[in-house]
Amino acid sequence: MPNLKREKMAENNGTKFRKLKSMRSILSKPFLTMGFFSLLFHANIMAQPISYDIGLPEFILKNSPALIFQIKHQSGVGLDSLKIQLASLGCDEALLADKALLEQQDNYAFFLYLMGKINACEQQGEAQNKPEIETLLEDKTPYLLVAETNLDAPMSYFGHSLLLFLDEDDFYFSPVLSVLAPLESKQLFSQTIKGGFGSINAEINLTPLHQVISFYNHYESRSLRFIKLSKEQFENQKLIQYFAQKLLEAKTKPLSYNFFLNNCATYIYHSLDYACDCLDEDKTIISPALIEAQVYQAAPKSQVFELSSLLTQFNRKYQVLNDFEQLAVRQMVQKQGFQYQGIHQDLGDVAVLASRLGVETYKNTYPSYSGLIDTYGNQTNLLKSFPKAVPVIDEDKDKLNLSSVGLSFNQDESGLHLALVDYRKFYQRETFFNAEYLKAASIEIIEREGSYRLEDLSLIDIGRLQPINFITKKTSWALKIGTERNQDDELRGVFRLGLGASVSLFEAKFYLLPSLEITDSTRVPVYSGFEANMGFASLAYENKDLIDHELSLYKRLNSAFALEYQAVKQESEETSHTASVFYYF
């Protein structure tokens, strides 16, 4: 790779003199002058410098166990990326064959030894200027990168969108572009208010993919979806040109950022529309889900792959173990000095995932952490082979249609349901370890014997059930602000906040949420119940103080339509049965 770059530089230098000689002849021809300055202006736009730190020491330190495994087996995506970076620094990849490298006592010693080798062979020279954005992003494959929803963080209620410019030979150091508003801790509250009701400054960042994976997949335990942008619809050069222009504009006036009207998704959406001229330009509030839906609409044959979160990776492997194996994993993680002899590698891998989840995501301290990784390695932290992209299917779109309209019918009345935001994992066909829901700006109107009345109005109705186990010890919660009917059939304002716990049993999530409820009086009811995805349909049950009961059976037909049956039994009233149909858009 270094030889190819030097050859290209030599070729460029050799053409400079010829370009200067021909300039006078170009300018002497009026009909070519305008075209020449147009090209010159375009080149100036594209030649915008931007900071980009590949974070090589961090990559080696965090992934030492996986790198050791891949070096020993001479294969792996992480190893391929490391070789590319060594070549770019002028280092011979043969240094990875040094026996002493793999004989280091622990992972940190491996890191120190390898960095010493790299520092010794790295080409020494003058500090380079910031690279140009075109140089970093050209000749790479663009992907829309979407981090899943995180209801623990208000700024991530609808996910987070980024643009990946993928180098398939150098997966982990491929640049990821995002537009962010850096918030200073000392001014966090004032900047948050300003970003919600006004605007704050934003900046364009380039980050290596391995850092993005570390933050979203591990630190926040959120899955990452990679949507390949079709060459037929999206022109890579125009994507680069859009952000080069923004960098140029930022030199005289900082980019603005508003959490609702001009956020990270807004910039990504406009760049994609500039690159294809195929997205809906009338959208005012743009979310990552909207971008993904519009991309699928413009390119129905889009291909996708996903990197599962650390939480999902752990639970997939832990839930299939029998009771004895689960006990062994818990002891390996929780007991300092536990003897690993005789414990199979498969159980060791689950224990490593558990300890990593506890330390990296939940910031708990486990003395066994280093010992487990040194003993069993951490093979899963780096991909063994390049992810295989598959065509998007209708089930993938369940999470993208965030608004809904519904009609309900029972023996006495009919109802109309409208919701600007109607996001609930229970309403989707995919199975999730956590149960989350977010309903905002929703209204329910009931018709009975020719008269209409407001039954329910929710400004926000949000909640998260995260089952507790020996690693994930987080509180489950629910919040509602709006209006609803009380036992006397009177419409009253309501504020309800519930905090409690949930557990996962038999692939169902059981919960108990003691709540503070303020309406025309203040009460402390207890809500309990369960949710279960049974494959052919989803089943949910909830009661309030063991007096009021509600049972729901939900069937998602496709990404746009669903059916629901509800049985509701309230104190001193007969059970009501309601059938509903919903349309999501």
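How many salt bridges does the structure hold? The structure, a predicted model, holds 27 salt bridges. Several of these are described below, after an outline of the chain as a whole.

The chain has 585 residues, of which 46% are buried. Its secondary structure comprises 17 helices and 21 strands. Of the contacts between residues at least 6 apart in sequence, 60% join residues at least 24 apart. The chain exposes about 30,500 Å², and carbon and sulfur atoms supply 55% of this area.

Among the salt bridges is that of Arg225 with Glu292, with an N to O distance of 2.6 Å. This pair links distant parts of the chain, since Arg225 belongs to strand E5 (residues 224-228) and Glu292 to helix H13 (residues 288-298), 67 residues apart. Both partners fall under the 20% limit for burial: Arg225 counts as buried because its relative accessibility is 9%, and Glu292 counts as buried because its relative accessibility is 1%.

Glu249 is partly exposed, at 32% relative accessibility, whereas Lys246 is buried, with a relative accessible area of 18%.

A further salt bridge joins the side chains of Asp394 and Arg429 (2.9 Å, N to O). Asp394 is located in the loop between strand E8 (390-391) and E9, and Arg429 in the loop between E10 and strand E11 (435-448), so the pair ties together parts that are 35 residues apart in sequence. Asp394 is partly exposed, at 32% relative accessibility, and Arg429 is also partly exposed, with a relative accessible area of 26%. Elsewhere, salt bridges that share partners connect Asp456, Lys480, Glu484, Arg496, Glu517, Arg523 and Lys544 in one network.

Lys480 of this network is also the bridge partner, in strand E13, of Asp461. Strand E13 (residues 476-485) is largely enclosed by the rest of the structure, because 7 of its 10 residues are buried. Strand E12 (residues 451-465) runs antiparallel to E13 and is joined to it by 8 bridges. E13 also pairs with strand E14 (residues 491-505), again in the antiparallel sense, over 10 bridges. In this second pairing, Trp477 stands opposite Leu499 of E14. E13 and E14 form a hairpin with 5 residues between the strands, in which Asp489 takes a positive phi near 65 degrees.

A positive phi also occurs at Gly377, near 75 degrees, where this residue follows helix H17. The buried residues of H17 (residues 368-376) are Ser368, Leu372, Ile373 and Tyr376. They lie on the same side of H17, because they cover an arc of only 125 degrees around the axis.

At the surface, a nonpolar patch is formed by Leu407, Phe409, Leu416, Leu418, Leu557, Phe561, Leu563, Val581, Tyr583 and Phe585, which together have about 860 Å² of accessible area. At least two residues of the patch come from each of strand E9 (404-409), strand E10 (414-424), strand E20 (561-569) and strand E21 (576-584). In a regular strand the side chains alternate between the two faces of the sheet. Val581, one of the patch residues, is placed in strand E21. Val581 counts as partly exposed because its relative accessibility is 32%, a value that lies between the limits of 20% for buried and 50% for exposed residues.

How values were computed
Residues numbered from 1 in each chain as written. Predicted model: local features only at pLDDT ≥ 70, side-chain atom pairs only at ≥ 80, totals over all residues. Heavy atoms only, no water. Patch = residues over 30% accessible without salt bridge, like charges linked within 9 Å, V, L, I, M, F, W, Y side chains within 5 Å. Areas by Shrake-Rupley, 256 points an atom, 1.4 Å probe, with all protein chains shown as cover. Salt bridge = Lys/Arg side-chain N within 4 Å of Asp/Glu carboxyl O. Helix = DSSP H or I, 4+ residues; strand = E, 2+ residues; numbered from the N terminus. Buried < 20%, exposed > 50% of the residue type's maximum accessible area, 1.4 Å probe, protein only. Contact = heavy atoms within 4.5 Å. Pairing = 2+ DSSP bridges. Arc of directions from axis to C-beta.
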